[in-house]
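Reader: I have just opened this one and have not worked with it before. Can you walk me through it?

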Amino acid sequence: MSISKQAFSWTIIVLTCQHKDSVYAFQRELEIRQQRGGLSQRTLLLTVSDPQEPGLGSGGATLNALLVAAEHLSARAGYTVVTADVLDDAHILILHTGRDFPWDSCGRAFCWLPMEKPAQTVQAPVCCLDVLLDSLSNQVCPGSPPGVWVCSTDMILTIPNTFEMSWERFSGVRVLAIPGDVSYATKHGVYLADNQGQVRDIIYKGSEERIRQATNSDGKVPLVSGPVFFCRSVLELLLKAHVTPPLDGCTYMGVDSGAPSLQISLFLDLLLCLCSDLNESEFVNGVRPGSSSPFGPQGAVVRRARAMLWRILRGTALHMVDVPGGSYDYLTLSGIEHINRLTKRGTGDTLSHIQHTQAVSDGGRVINSVLEGDITVASGAVIQHCHLQGPVEVYPGCLLSGLDMNSSQIQQLVLTNDLIVQGHRVKLGEMKMTVYTVLGSHDDLNVSSDEDGATFLNHRWSDFYSRTGIQPDDLWGFGKSHSLMEARLFPVFRPRGGAVGVEFGVCWLLGGLGPLEQWRASWRLSLREVLYLTDQEGELHWREALFFQVGRRRVQDNLNCQSNRGMLPSFRAAVLGGHHTDLLSTLDSIAASSRENLGVAARCLACIADVLGCLAGEGRGGLRSGPAANPFWRHAFYLLEQGDLPGGVQALAKERTNWNSRPDLLVRAARHYEGAGQVLLRQAMMSSQRFVCIGQGAVPPLEEWQDVECPARLDFSGGWSDTPPIAFEHGGAVVNAAVKVDGRRPIGARARRIKKPCLLLVSSNGEEEGAVTMETVCEQLQDLKDYCVPHAPGALLKAVCVCSGLVTYPSQQSLKEQLLARWGGGVEIRTWSLLPHGSGLGTSSILAGAVLAAIYRCTGRTYDTDSLIHAVLHLEQMLTTGGGWQDQVGGLVGGVKLARSKACLPLRVEVECLQLSENFLCSLQEHLLLVYTGKTRLARNLLQDTVRRWYSRVPSIVENAGQLVDNAEECALACREGSLLRLGACMDCYWGQKKIMAPGCEPAAVRTMMDALRPLTLGQSLAGAGGGGFLYLLTRLPQQRDAVRQVLDSTQGLQDFSVHSVELDMDGISLLSSS
């Protein structure tokens, strides 16, 4: 489908149909498209049936639809009669669904195609109607003045993206012509136009000689393609029809007033009278295929109607526009043509659940179906709207449609090449049932059975008679055409057996077991009768039920296979379609059974949160990010924390039912599901603790301080890929560096054992003179209860005490008893950071590593850096901050390094220190600068929002995650090869990737700062997640601190910034001498 240039805004769309029973079903289909966002909410949607059967013809249906549109617009404008004034600013689209289509019970308009609309926000099928609406609304109609566009839905129209039309000073009627071959045109219509595009004649099914008169210089002829535009002034003339006999017989008002019904053609009556080569007599008295005869039973009425059209419309300009490169695919009655149409476009699997996808050949197509078991689909075969249980092999040239068959039923179906087997939902009075038909894909439906080449099941009729014993009198009544369309072949009822299933009807016709007399005794229908009796509402309901069943199964497949396919469009579709209850039950079931993979369970709960958000409505109910500690949900969270996954999921589902009455409650419920997902995510990440190896050494004496200092971290590329769950679902890679700021390691901790059995926790933030110090004393075990509340006083240090095994919480032993028994007294811990809050330099994670190291040392335990990295990862899950692993890697390991994690649990971080030349290290150090932006990162929900979008598998996020990893590998290569230029390019690329992961991470003042500094830099980025803090620069020239400060000083609107030097720290975490 095309990419929209400028979506056209329709005032009203009218869909016409032959049968009044189709109105409700088709109206609902239009409204569903509007709900899904395919049609503007401002557009009035109407479905109009022909007032009498047989139909009015395309011209009569156009006049009737125009009247209904004008009537509704008049009523909306407050008029009590139909007035043409409402057409002054109206853009009207009339679409004709046309005749029954044997290969789709819902007609050509709602024939599904094997394609999906790209970047759709709500998952939806693509039908011929959707392709046509897309072409008209985005390519053909934009720019047109008020008026009415008319088009049939019996073809697939393809318009090049480059096509444009000029509407300057246009008036009259305009038609579009598609280039085609002369041989093809003999079965269709062509326009004969002069050099200025004025149409002289319309040739319908003419001889090759006649059609060649319309040949263009390229040998092609202008085919009648469908779209017709009538300008505002012509609409007023057409609107007169409902009060002008005998044309009023085309409208419901005329029929309701007693006027005889009348059939007229859009092209061969309404438009033909505008063609310059015809005179009035030729137009009025002409006999032409596809139009009512002027000499038949209604000949006099037809001639009067044509004469009236001549009088009303003659003199109106009819102008043709060529569409170079366009194509026109009319949906004929040929079965093999339709199968080829489906197999030559789109993809093999369209909105389907296929148990064994490898059994579908590249050239096979499965559309809106559930295939279970061993089902092989050959190239050139199509399955649509089916639920099948194998084993079965579907051969080339076959079409299976509308079937619901289990394995025992389908084994009785003896398929060969080129067969079409269909299940039709029909309505016989008040009774609804399914009728099954079988045809050959090469059969001609309308040719008489006694003509040469006439076939049934691709074989001559005589062969069929000989094989079955059926006689022509069994099939056709007196006076009926002996065509396949009219043959009463298909059993519906047996006198004593009730409704006929596929086993007896279709299987018997294909050569299955059963007596001829049983077939003869059955009440049978012809294909034409089956199509006439089709319950289109029931057919669409079957397709919809399959669509949502497929959606649920694909959700289950995606989650269990940990696929990166986005499911939010499917969730929105289920909510809009009222199928959210079944979807939520499916998600509950998957979550409860995912004990072996808590990552899958966590994603399930996030998916449930998305469904609840969809139920609340886009932008309704409040922000998705928010607190998740309401007491009513506490029991469910407790069960999850205790490891009772099925019980926790069940408790969540039970509580969910109390929160679905209002949008705000639904959003709050969604927040709690995200919170529950975080519980499972933390438990999944806890498995990293197995990579923490702590040994036992000599315990230092009481009061001896163990001091640790750490550099800060600069992330050059790959950040966000280290964040759970991205880090273990996709895999992560980060390049970062350990740095001193203004010549100092800005992060440190010290710990010592003290006599008093308590925990003395002191933290200091900021430069010494203006440092903010907080002291917390824990004398009771209960003082540690808020260690998992990130913003509680001393939370980080309390969490370290628990995580390091310094104390156990909860415990039957008191804090005093534990400290005395384990360490012979209490522990004093002091930490400091010279960096401002929200610096983006990894402070909290690095500080956690420093504190752990100090505690291990003061309690006589040994460790390595790899253990510290994973211990911090474990600690941050206990603290519930949920961060990634790159910060501690950056500050605990010296130099420039590439760290990776694989897409699996348990998550393990592997660090590769990059071996870089001394020259490159010196050069890098001379070109790196830090600028404190003066902006504190306020977006506390950046992480939560990003994780939510990852869980939803927003396509841009999934693609960006891969690009983050690729850029990290490229960045490492640039460093190894000593290229500052390539390193700078990687930094710039990385900043763009950060903005995709976390929209809103670039404040306006920072953007101004970066724009001003761009001429001086090879690359730049905000450190960490962005939103504020430090900006780091790789300058073009060395030693640019003064130049940077000068540029910033002269840039309007910047304040509170400061420029800092950067020095690479090759040691990482440093243990100072005991004191």
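Author: One definition to begin with: an axis here is a line fitted to C-alpha atoms, for helices over the stretch in contact, and angles run from 0 to 180 degrees between N-to-C directions. Also, this is a predicted model.

Reader: Fine. Which helices come within 10 Å of each other, and at what angle do they cross?

Author: Helix α26 (residues 795–803) and helix α28 (residues 843–858) do: their axes come within 10 Å and cross at roughly 45 degrees. Angles under 35 degrees count as roughly parallel and 65 to 115 as roughly perpendicular, therefore α26 and α28 are oblique to each other.

Reader: Is the crossing left-handed or right-handed? And which residues make the contact?

Author: The crossing of α26 and α28 is right-handed. On the α26 side the contact is made by L796, L797 and V800. On the α28 side S844, L847, A848, V851, L852 and I855 take part.

Reader: What sheet does α28 pack on?

Author: The sheet is an open one of six strands in the order β35-β34-β36-β33-β30-β44, and its pairing is mixed. At its edges stand β35 (772–778) and β44 (1070–1071); each has a single partner strand, so one side of each is left without a neighbour in the sheet. Helix α28 touches β30 (706–710), β33 (747–754), β36 (826–833) and β44. The direction of α28 makes about 30 degrees with that of β33.

Reader: How many bridges join β34 and β35?

Author: Seven bridges, with β34 (residues 759–765) and β35 paired in the antiparallel sense. V762 has E775 of β35 as its bridge partner, and L761 has T776 of β35. The two strands form a hairpin with six residues between them, where G766 takes a positive phi near 105 degrees.

Reader: What does UniProt say about residues 818–895?

Author: An unreviewed UniProt entry annotates residues 818–895 as "domain: GHMP kinase N-terminal". In the model that span is 55% helix and 13% strand, and its end C-alpha atoms lie 40 Å apart.

Reader: What feature does UniProt place at residues 85–494?

Author: There the unreviewed entry has "domain: GDP-fucose pyrophosphorylase". Residues 85–494 are 21% helix and 27% strand, with the end C-alpha atoms 59 Å apart.

Reader: Which strand includes residues 490–494?

Author: That is β26, which pairs with β27 in the antiparallel sense over two bridges. F493 has A499 of β27 as its bridge partner. Both strands belong to an open sheet of three strands, ordered β27-β26-β28, with antiparallel pairing. The edges are β27 (498–499) and β28 (523–525); each has a single partner strand, so one side of each is left without a neighbour in the sheet.

Reader: New topic. Where is Q471 found?

Author: Q471 sits in the loop between α13 (461–468) and α14 (472–475). Leaving aside neighbours within four places in sequence, Q471 is in contact with Y465 and R520.

Reader: Why does Q471 count as partly exposed?

Author: Because its relative accessibility is 42%, and partly exposed lies between under 20% for buried and over 50% for exposed.

Reader: How far is Q471 from G1019?

Author: Their C-alpha atoms are separated by 85 Å, and the two residues are 548 apart along the chain.

Reader: What about α19, mostly covered or mostly open?

Author: Mostly covered: of the nine residues in α19 (residues 568–576), seven are buried. They are L568, P569, S570, F571, A573, A574 and V575. These buried residues pack against α18 (536–560), α20 (580–592) and α21 (598–616). Just after α19, G578 takes a positive phi of about 75 degrees.

Reader: Back to the whole protein. How many helices and strands are there?

Author: There are 36 helices and 44 strands. The C-alpha trace spans about 120 × 75 × 60 Å along its principal axes. Of the 1075 residues, 59% are buried.

Reader: And what share of the contacts join residues at least 24 apart?

Author: 68%, taken among contacts between residues at least 6 apart in sequence.

Technical notes. Residues numbered from 1 in each chain as written. Predicted model: local features only at pLDDT ≥ 70, side-chain atom pairs only at ≥ 80, totals over all residues. Heavy atoms only, no water. Helix = DSSP H or I, 4+ residues; strand = E, 2+ residues; numbered from the N terminus. Buried < 20%, exposed > 50% of the residue type's maximum accessible area, 1.4 Å probe, protein only. Contact = heavy atoms within 4.5 Å. Pairing = 2+ DSSP bridges. UniProt positions renumbered as here; feature names shortened; annotations may be inferred. Parallel < 35°, antiparallel > 145°, perpendicular 65-115°, else oblique. Left-handed = near helix turned anticlockwise from the far one by under 90°.
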